[in-house]
Amino acid sequence: MKLLESYFRLRKRELFAGILLINILIIWLSQTITFNETVFINSYSEHLTYQRTLDLLNSMKSVSWIAYLLYPVMLLLKITAIGFIIYTGVFFSDVQNEITLGKVITVVLASEIVLVAGAIAKLLWFVFVNGNYSLDDFRFFYPLSLINLFSRSEVAEYWVYPLQTVNLFHFLYILMLAAGLAKISSVSRMITDKIIVLTYIPAMVLWIVLIMFLTVDIS
């Protein structure tokens, strides 16, 4: 428990740098190992010629650097948005003297390591377990989630994201948010659980509904 408390008390700069570096490594491994020539052939052989498939792969590799530029911005926006959402619960629970916005941001950053573990698990699955896959298989799968109870043909496109989001890693992430708020303050775990339930979970549901709506609209 002391180790967990020490982890939540790390400085935001250290947490952000650590999470960022790990995720950039995951992006690099995904682009160099999982998105290879075989995967592209499995994905597009029915629609494109072999040479056209290679051209598409090379084109994607030539712009892959954009992901490295966008990810730090996306991570910062995500952490900030979730931090402000949770802080509204802190404010209305009248514990803002105990849990400042800065502390909330720190907890959100620290909890991100659980979702990083999920990304690593997904990468390892395709590297060591499922070696013969397509890009659609990679996009569809998420470890320890409800999506794995169904085959690709059974799930409408707009249900993919919700079923992926309901997973063990996300559940542990929610628990870690509540535990973190309790660890960095003297507020009881019952109150921090209530804060997360009344802020993060409704916001997550609204986000899922938005993604579903956009997916249907694009389709």
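**Pocket, cores and salt bridges of the predicted model**

The largest pocket holds about 1,700 Å³ of space, where a pocket is an open set of points on a 1 Å grid over the protein atoms alone, with protein on both sides within 12 Å along at least five of seven lines, a 1.4 Å probe being used and lining residues having an atom within 4 Å of a point. Grid points are joined across faces, edges and corners, and the volume is the space filled by probe spheres set on the points. The model is predicted, so that local features need pLDDT of at least 70 and side-chain atom pairs count only at pLDDT 80 or more, whereas totals for chains, interfaces and linings use all residues. Residues are numbered from 1 along each chain as its sequence is written, and side-chain values use heavy atoms, with hydrogens and water left out.

The lining of the largest pocket comprises 35 residues, of which Y71, K78, E112, Y142 and Y161 lie nearest the centre. By residue class, this lining divides into 25 nonpolar, six polar and four charged residues, with Ala, Val, Leu, Ile, Met, Phe, Trp, Tyr, Cys and Pro counted as nonpolar, Asp, Glu, Lys and Arg as charged, and the others, Gly among them, as polar. At least two lining residues come from each of α2, α5, α6, α7 (135-140), α8, α9 and α10, and the largest share, eight residues, is supplied by α5; helices here are DSSP runs (H or I, at least four residues), numbered from the N terminus.

The largest nonpolar core has 43 residues, among which I86, I99, V108, Y173, L177, L181 and Y200 touch the most other members. Such a core is a set of buried Ala, Val, Leu, Ile, Met, Phe, Trp, Tyr and Cys residues joined through side-chain atoms within 4.5 Å, buried meaning under 20% relative accessible area, exposed over 50%, and partly exposed in between (1.4 Å probe, protein chains only). Two or more residues of this core are given by each of α2 (12-34), α5 (65-92), α6 (101-129), α8 (157-165), α9 (168-183) and α10 (189-218), with α6 giving the most, nine residues. Residues up to four places away in sequence being left aside, I86 touches V104, V108, L177, L181, I195, I196, T199 and Y200, contact being defined by heavy atoms within 4.5 Å. A second, separate core of eight residues includes V39, F126, Y133 and F141.

In helix α9, A182 counts as buried because its relative accessibility is 18%. Beyond its neighbours within four places in sequence, A182 is in contact with V187, R189 and T192.

Seven salt bridges are present in the structure, each requiring a side-chain nitrogen of Lys or Arg within 4 Å of a carboxyl oxygen of Asp or Glu. One of them joins the side chains of E14 and R11 (3.1 Å, N to O); E14 is partly exposed at 39% relative accessible area, and R11 is exposed at 57%. In another, the closest N and O atoms of D136 and R152 are 3.2 Å apart, and this pair links distant parts of the chain, 16 residues apart, with D136 in helix α7 and R152 in the loop between α7 and α8. The side chains of E157 and R139 also meet in a salt bridge (2.8 Å, N to O); because E157 lies in helix α8 and R139 in helix α7, this pair ties together parts that are 18 residues apart in sequence. D136, R139, R152 and E157 are linked in a network of salt bridges.
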